Amino acid sequence: MFKFNPINNQIIKTQALLAQQNKTADMSKIMFVGMAESGSISEENIIKFPEVFEEWAADTHYTVGSIRKYGEDELLYMCDIEHDSQDGWTPDVVSMWHQIGNPKEEYPAWIQPLGAEGAYALGDKVSHNGKKWISTADGNVWEPGMYGWDEIVE
């Protein structure tokens, strides 16, 4: 005759709960990545969770807005031009990508945007020509010191 064992029943319930939590975590990652790649999440918030993004890979089709980790420091890059990646066309060397703020660097080097896709948002911080700047305009494509930037004097 089968005897009910409350410990085994509790183990089964715990395993089911853990499986459901893993599914929820996976779904949350998928939603976060989708929202980040659609522009619904600020770069400031994107860089807080680099672990949810996939590594960049060669021989892969990337669309505008795709975000991938690349390099020894696993920095995040956003695709600015739809393309099929190739060896040597890594995000850190080609103009088809722009780096999403380095979480270790408060004022990353300014990079000339190639269009609206790489434009700086209101409040973005950069360094340029030995100075620190903060964007005063959303969709800012101007060089710091010209228009749309305030110099930070410490």
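Glu74 is in the loop between strand S2 (67–70) and strand S3 (75–79), and Glu74 is partly exposed at 37% (buried is under 20% relative accessible area, exposed over 50%, partly exposed in between, 1.4 Å probe, protein chains only).

This is a predicted model, so I kept in mind that local features need pLDDT of at least 70 and side-chain atom pairs 80 or more, while totals for chains, interfaces and linings use all residues. Residues are numbered from 1 along each chain as its sequence is written, and side-chain values use heavy atoms, with hydrogens and water left out.

Next, salt bridges (a side-chain nitrogen of Lys or Arg within 4 Å of a carboxyl oxygen of Asp or Glu). I found two in the whole structure. Glutamate 37 and arginine 68 meet at 3.1 Å, N to O. Glutamate 37 lies in helix H1 and arginine 68 in strand S2, so this pair ties together parts 31 residues apart in sequence. Arginine 68 is buried at 15%, whereas glutamate 37 is partly exposed at 26%.

The other pair I noted is lysine 131 with glutamate 151, closest N and O atoms 4.0 Å apart. Lysine 131 lies in strand S7 and glutamate 151 in strand S8, so parts 20 residues apart in sequence are tied together.

How values were computed
Helices (H or I, at least four residues) and strands (E, at least two) are DSSP runs, numbered from the N terminus.
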